[in-house]
Amino acid sequence: MASTASPPRESDPHSASAKPRPIPDTVDATLGLLTHGRYVADRSLATALFLALRLKRPLFLEGEAGVGKTEIAKVLAETLGRRLVRLQCYEGLDVASAVYEWNYSRQMVEIRLAEAAGDRSRESLGSDIYSERFLVKRPLLHALESDRGASPVLLIDELDRTDEPFEAYLLEVLSDFQITIPELGTLKADEPPIVVITSNRTREIHDALKRRCFYYWVDYPNAARELEILKVKVPSAGAELSRQVVGFVQKLRKVELFKLPGIAETIDWTEALIQLDQVALDPRAVDDTLGVLLKYQDDIAKIRGSEAANLLEQVKSELATVAPG
Ligand SMILES: Nc1ncnc2c1ncn2[C@@H]1O[C@H](COP(=O)(O)OP(=O)(O)OP(=O)(O)O)[C@@H](O)[C@H]1O
Ligand SMILES: [Mg+2]
């Protein structure tokens, strides 16, 4: 697709300079790609991603907050050397913010200049100001543009936050990867972008959209995988602290809370504890830092004190039997 000077777009600094790489040809290679991007995935996720890439279908990732949905798209763009085009969804998102809009002020200036010079007919001016030069491209339009022969990664983040009319519009774009601008014509992707859609399931996404995608539920990790994530993301954390943190968070996720901690919170909590020079958990350190882990006062009030001490006791005794010393 032809392109004009681009407005700033979200892209990873590495992907902008790295050479585009072909998509992986096996599940193992896909797993390797994620590992290379410091994303700890299990085989089922790698399989879903592999199939979505090979069959050129959007990957629809649903899951609780902070379980690593958005990160998958970022890692994909980085490791495949592709541009990351991100469409952050919100209530009221419209075509002007998601697809394109005309640069009215520049069009006005052009009209004034043409009037002053008096050298253009009304028709030629009319077609001029509705050319690509005056088009402000937004993420969905950018996603149709290849970069050095490779299609970008289009991240449609938190789709559940948009309203249904926009979802219906998206359905059309994702079916044909083309966008019609009445004044300009139809713009079509040379090659469809790699699409990752995420949702926190605050509302159900329409079946018609889901049907076009590969669906994958991103769950909370088990203890072994969460420990692995900590090793990769917070390498400075000691083994004992990491095991206790993971043990505690895993237990916390079994308690009935308004909002359970995600992986993001596990990482943040570990980093906070390191800042406090904690090499292991103790009840006071847990109480003092609960706000990193839990984000609702009711949840904090429920856990702080005896419940936290009790959970910590269980974690320590379990770890003592599993990994003595
Ligand atoms: N499997 C994983 N391997 C490595 N890091 C991970 C993994 N899962 C999550 N993370 C880390 O956890 C943090 C949160 O991930 P991310 O932002 O992708 O979550 P999310 O599911 O998109 O959350 P939200 O719904 O709140 O947007 C990131 O810093 C990410 O690096
Ligand atoms: Mg996210």
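## Strand pairing and a helix contact

Thr-180 has Thr-186 in strand 7 as its bridge partner. The model in which this pair occurs is a predicted one. Strand 6 (residues 178-181) and strand 7 (residues 185-188) run antiparallel and are joined by four bridges. A hairpin of three residues connects strand 6 to strand 7.

Five other strands form an open sheet in the order 2-5-8-1-9, and their pairing is parallel. Strand 2 (84-88) and strand 9 (214-218) are the edge strands, each pairing on one side only. On average, neighbouring strands of this sheet are turned by 20° against each other, direction ignored. Within the sheet, strand 2 runs parallel to strand 5 (residues 153-157), and five bridges join the two. One residue pair here is Leu-87 with its bridge partner Ile-156 in strand 5.

| Strand pair | Direction | Bridges |
|---|---|---|
| Strand 6 and strand 7 | antiparallel | four |
| Strand 2 and strand 5 | parallel | five |

Helix 6 (residues 104-117) packs against helix 7 (residues 122-129) at an angle of about 155°, and their axes lie 10 Å apart. Since angles over 145 degrees count as roughly antiparallel, helix 6 and helix 7 are therefore roughly antiparallel to each other. The crossing of helix 6 past helix 7 is right-handed. From helix 6, Gln-107, Glu-110, Ile-111 and Ala-114 take part in the contact, meeting Leu-125, Asp-128 and Ile-129 of helix 7. The residues of this contact comprise four nonpolar, one polar and two charged.

How values were computed:
Residues numbered from 1 in each chain as written. Chains lettered and ligands numbered in written order. Predicted model: local features only at pLDDT ≥ 70, side-chain atom pairs only at ≥ 80, totals over all residues. Pairing = 2+ DSSP bridges. Axes fitted to C-alpha atoms, helices over the stretch in contact; angles between N-to-C directions. Parallel < 35°, antiparallel > 145°, perpendicular 65-115°, else oblique. Left-handed = near helix turned anticlockwise from the far one by under 90°. Contact = placed C-beta atoms within 7 Å. Nonpolar A, V, L, I, M, F, W, Y, C, P; charged D, E, K, R; others polar.
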